[in-house]
Amino acid sequence: MANINIDSQKNRTYDAIVIGSGISGGWSAKELCEKGLKTLVLERGRDVKHIKDYPTTNMNPWEFEHRNEMPYAIKQENPIVSKCYAFHEDAAHFFVKDKEHPYVQDKPFDWIRGYQVGGKSLLWARQTQRWSDFDFEGPARDGFAVDWPIRYADLKPWYDYVEKFAGIAGDKDGLPELPDGEFLPGYPLNMVEKYFKQSVSSQYPERKVISARCAHLSKPNQIHFDQGRVQCQNRTLCQRGCPFGGYFSSNAVTLPWAAKTGNMTLRPFSVVHSILYDEQKGKAVGVRVIDTNTKEEIDFYARIIFVNAAAINTNLILLNSKSNRFPNGLGNDSGVLGKYVAFHNYSARIYAEYEGLQDYTTEGRNPAGGGYIPRFRNLHKQETNFLRGYAAGFGAYRGTSADRSGAGESLKNNLLNPKLGNWQVGSHMMGETIPKESGQVTLDTKKTDDWGVPLLHIAVDYDDNDAKMKKDYLDTMEDMFKTAGFTNIRRDDGSQAPGLDIHEMGGARMGLDPKTSMLNKWNQMHSVPNVFVTDGAAMTSTSTQNPSLTYMAFSARAVDYAIAEMKKGNL
């Protein structure tokens, strides 16, 4: 019997374990496998194979039973996820349904999740911007959160590395607040977006409108063909899964690349209960999993563990990983685990019309989504009554409106000759929220989910800084719209709860001091050196940029460091 147990444990032992298969988990797996480590990738949801498991990707609008609209009954059953812009018939199968995975909202928070191989990398908006030293130096300069243990120079070579492999389209804009990268050709702005860019440049020289940077193959390089991908077809049906691999996802890129090495074992249907800590060895030794279907409890073992379950789930796992050494969660000597959780404020929008450029219209689709306005508030000095700042999206389009009056020949002619309306323009805010100790997630002491994992309480909210920032965004954008000659301006200050930005960050933050942070500059736990966290939980602050590219860079950088430490015998 002893030999059977030893053999059983040996069969469940790997060099490395990666928890999660989304954007950061896929990158961790790729890097570990490429460097020769036998790696187990754990995913709590079902398997999704590239191309094979994209059932709606080539469907026509009329082939959807409800013309891609979700039935009223389903919306009523899913009041949280149905708020997400991509929750329609063509992609609903990639989203978690509310009743199946409950949580407790101590404060309103719309937690949007995708539990399957690839995670939310199948559903993300694919916007990719580098952080700059304005972002990494922000906490030290402005006095919030704690100082980042790194600066842009530490991450720049890793941004270069992941951009070349993933394929990022963008222009070289020469902006210190938004560093340029290793870009494929950017997607051009349309005529009204260019007009607005010129208007802003002439009237507000410190403000810029650029083409949005996105993870799309505008012009693939050989490395992308080697991945089995081809040029983006500009379908903008990305949330269905792309059979061309035109945008970056774990399913199309990093996981198949890891699988080709022969070093990856992918185990879907595996809910991670906790990380196992050996008090005699003084390190983590494995991961406890609950099989989603059988409810069987299984332990897997490894020398190093990468936690990439997405920010809030990573916090949940670490909080639930208790031992005599760590009664309040793995590595939580500082007491900050689960605290200082922040997000991006997307709650304000503004719309208008433009009566000029009537000789032009829009044709085709832009997967980048149009323009992007990098942060310009409080960059070089504190100039407002709020800390930090915001970026913004900007887009313009010109649709048609058909006259449906009449009958017979006149109705046919009206429908075949629709009238062009005025240009419609719009912008949405992407504000940096300030991490606060009160912004936290905690475990329920009595209630568990179907797999015996404690339910999570989320207490994250807006504050006065967010309100002041939102007012400034609306006032500033309205002024810019008026200056550009836009009319019928409509402000929407929104009432959406945090969470719909789908950019939750923090809870296991990086820092210089183990007394006030969970991770060092290598995304390595201060107290448990063979555990690394490279997803959103590691973020010390949120900046205004979309964070996914930074997770990719963190993951590649942390694996490189971990391998070097293993070779030295330190892990």
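1. Buried means under 20% relative accessible area, exposed means over 50%, and partly exposed lies in between, with a 1.4 Å probe and protein chains only. By that rule Asp 53 is buried, because its relative accessible area is 17%. Its salt-bridge partner is Lys 52, at 3.5 Å from N to O. A salt bridge here is a side-chain nitrogen of Lys or Arg within 4 Å of a carboxyl oxygen of Asp or Glu. Lys 52 has 67% relative accessibility, so Lys 52 counts as exposed.

2. A word on the source. This is a predicted model, in which local features need pLDDT of at least 70 and side-chain atom pairs count only at pLDDT 80 or more, while totals for chains, interfaces and linings use all residues. Residues are numbered from 1 along each chain as its sequence is written, and side-chain values use heavy atoms, with hydrogens and water left out.

3. Start with strand E1, residues 13–19. Five of its seven residues are buried, so E1 is largely enclosed by the rest of the structure. Helices (H or I, at least four residues) and strands (E, at least two) are DSSP runs, numbered from the N terminus.

4. Which strands pair with E1 in the parallel sense? One is strand E10, residues 297–307, over six bridges. Another is strand E2, residues 39–42, over four bridges. Two strands pair if DSSP finds at least two bridges between them. Tyr 14 stands opposite Ala 302 in E10. Ile 17 has Leu 40 in E2 as its bridge partner. From E1 the chain crosses through helix H2, residues 23–34, to E2, and this β-α-β crossover is right-handed. Right-handed means that, with the strands pointing away from the viewer, the path from the first strand over the helix to the second runs clockwise.

5. Next, the cores. The largest nonpolar core has 102 residues, and Ile 19 and Ile 275 have the most contacts inside it. Helix H6, residues 152–166, gives the most to this core, with seven residues. A second, separate core has 27 residues, including Phe 196, Val 200, Met 429 and Met 469. A nonpolar core is a set of buried Ala, Val, Leu, Ile, Met, Phe, Trp, Tyr and Cys residues joined through side-chain atoms within 4.5 Å. In soluble globular proteins, nonpolar side chains tend to be buried together.

6. Look at Ile 19 itself. Beyond four places in sequence, Ile 19 touches residues including Leu 42, Val 272, Ile 275, Phe 306 and Ile 317. Contact means heavy atoms within 4.5 Å.

7. Helix H10, residues 311–320, is mostly covered: ten of its ten residues are buried. Among them are Ala 311, Ile 312, Asn 313 and Asn 320.

8. Glu 504 deserves a look. It sits in the loop between strand E21 (487–492) and strand E22 (505–507). Glu 504 is buried yet has no salt bridge. Which side chain of opposite charge is nearest to Glu 504? It is Lys 120, 4.7 Å away. For charge, Lys and Arg count as positive and Asp and Glu as negative; His and the chain ends are not counted. Beyond four places in sequence, Glu 504 touches residues including Phe 109, Trp 111, Ala 311, Ile 312 and Tyr 551.

9. Ser 132 lies in the loop between strand E3 (104–105) and helix H4 (133–136). Is Ser 132 buried or exposed? Its relative accessibility is 1%, so Ser 132 counts as buried. Beyond four places in sequence, its contacts are Tyr 152, Pro 176, Glu 177, Pro 179 and Gln 545. The C-alpha atoms of Ser 132 and Ser 543 are separated by 9.2 Å, although these residues are 411 residues apart along the chain.

10. How many salt bridges does a search of the whole structure find? It finds 32. In one of them, the side chains of Asp 110 and Lys 83 meet at 3.2 Å, N to O. This pair links distant parts of the chain, 27 residues apart. Asp 110 is in the loop between E3 and H4, and Lys 83 is in the loop between helix H3 (72–77) and E3. Asp 110 counts as buried because its relative accessibility is 3%. Lys 83, at 47%, counts as partly exposed.

11. Asp 463 and Lys 436 also meet in a salt bridge, at 3.3 Å, N to O. Asp 463 has 23% relative accessibility, so Asp 463 counts as partly exposed. Lys 436 is partly exposed too, with a relative accessible area of 24%. Salt bridges that share partners join Lys 471, Asp 475, Glu 478, Lys 482 and Arg 491 into one network.
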